[in-house]
Amino acid sequence: MNSDLITVISDRSDIKYTEWISRILGSRIYLGSPGNQSANKTPFFLRVSGNRIQLEFPEGRCKPFMPVIAPGLPARGIDPLLRAIGTKQGKVIDMTAGWCVDASRIAFSGCSIVAFENSPLVYVLTQNAIEHCRLPLIKQRLVLRHEDSIQALQSGTMDADVIYMDPMFPAHKRNAASPKAISLLRELVNRPDHTQSFEKMFELAMSSGARRVVIKRPHHFPAIQKGKVGEIKSKQVRYDIYFPGSSIAY
Ligand SMILES: C[S@@+](CC[C@H](N)C(=O)[O-])C[C@H]1O[C@@H](n2cnc3c(N)ncnc32)[C@H](O)[C@@H]1O
């Protein structure tokens, strides 16, 4: 099995989607057709049916997966993520888009948000989910870019009131049953250099001119850096808040 390749199985009813995926995934793509066995040669494959793209697994290893952009309201009170973001109209950058679950909640609250995703496979699936989102407001306010957020911030052309990041953290033993969408992300973007790249991300965010930086952390993980000015806790995670340039430490 070649883990660098991704098979794309297309019914060719909407060829423009297959061509678009080929452009994003480049040489990593291996084109198959429905019914042939090529999908078993790669750890995942993408099935394109009409204008829908879903992730599938050889020999039924897991159920097919398709991200859905449908932000809901929290069960009670104000969403802790939105309290941490602290603005309902501002410009937000999400440096770690993933399936855009968080970015779509931020957009739904009223902010405009640019989200960066550097994994081509995650980008293709999430972008397709945004196109199928039934809420026009989200499509107006959420822009997903297939780009490395570190490079985008280094270019100096991005500005935002708030910068948000949700670093990938290892699965916690006590929480082996993490939701399917999260464990899938871990499997798809399993890169060794995560810690270093998040330190760089944080450093850039703090010097970007944004007035607030928010980082999602598991409860049992320490803050990424000293100097946070606040934290908002939800049942599952903690949002650490930093004010670049502030001397107030928490
Ligand atoms: C834990 S997931 C984020 C989940 C996301 N908050 C959500 O709501 O679905 C982290 C994501 O950040 C992406 N990522 C990591 N480093 C990145 C970078 N430098 N630029 C863009 N995306 C990055 C990973 O590919 C992964 O999809």
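The buried residues of helix 3 pack against helix 2 (80–85), strand 5 (91–94), strand 6 (112–117), helix 5 (136–141), strand 7 (142–146) and strand 8 (162–165). Helices (H or I, at least four residues) and strands (E, at least two) are DSSP runs, numbered from the N terminus. A residue is termed buried if 20 or more other C-beta atoms lie within 10 Å of its own, exposed if 12 or fewer, and partly exposed in between, with C-beta atoms placed from the backbone. The model is predicted: local features need pLDDT of at least 70 and side-chain atom pairs count only at pLDDT 80 or more, whereas totals for chains, interfaces and linings use all residues. Residues are numbered from 1 along each chain as its sequence is written.

Helix 3 spans residues 101–109 and is mostly covered, with seven of its nine residues buried. These are Asp102, Ala103, Ser104, Arg105, Ile106, Ala107 and Phe108. Glycine 110, which follows the helix, has a positive phi near 130 degrees. Cysteine 100 lies in the loop between strand 5 and helix 3. Its phi is also positive, near 60 degrees, in a residue other than glycine. Most residues other than glycine have a negative phi. Cysteine 100 is buried, with 26 other C-beta atoms within 10 Å.

Around the ligand there are 19 residues, of which Thr96, Gly98, Val101, Asn118 and Asp166 come nearest. Helix 3, strand 6 and helix 6 (149–154) are the elements that give two or more residues to this shell; a residue is counted as near if its C-beta atom, placed from the backbone, lies within 6 Å of the molecule. By class, the shell has nine nonpolar, six polar and four charged residues. In this classification Ala, Val, Leu, Ile, Met, Phe, Trp, Tyr, Cys and Pro count as nonpolar, Asp, Glu, Lys and Arg as charged, and the others, Gly among them, as polar.

Strand 9 (residues 212–218) is largely enclosed by the rest of the structure, because five of its seven residues are buried. Strand 9 runs parallel to strand 8, to which four bridges join it, and isoleucine 163 stands opposite valine 213. With strand 11 (residues 237–242), strand 9 pairs in the antiparallel sense over six bridges; here valine 214 stands opposite isoleucine 241. Pairing requires that DSSP finds at least two bridges between two strands.

Arginine 212 belongs to strand 9 and counts as buried, with 23 C-beta neighbours inside 10 Å. Beyond its neighbours within four places in sequence, arginine 212 is in contact with Gly86, Asp161, Val162, Ile241 and Phe243, a contact being a pair of residues whose C-beta atoms, placed from the backbone, lie within 7 Å. The C-alpha atoms of arginine 212 and isoleucine 163 are 6.5 Å apart, although the two residues are 49 apart in sequence.

The largest nonpolar core has 58 residues, and those with the most contacts inside it are Ile85 and Ile163. Such a core is a set of buried Ala, Val, Leu, Ile, Met, Phe, Trp, Tyr and Cys residues joined through C-beta atoms within 7 Å. Helix 4 (residues 120–131) gives the largest share of this core, six residues. Isoleucine 85 touches Val92, Ile106, Cys111, Val162, Tyr164 and Val214, residues up to four places away in sequence not being counted.

Overall, the protein chain has eight helices and 11 strands, and buried residues make up 33% of its 250 residues.

Definitions and conventions
Two residues are in contact if their C-beta atoms, placed from the backbone, lie within 7 Å.
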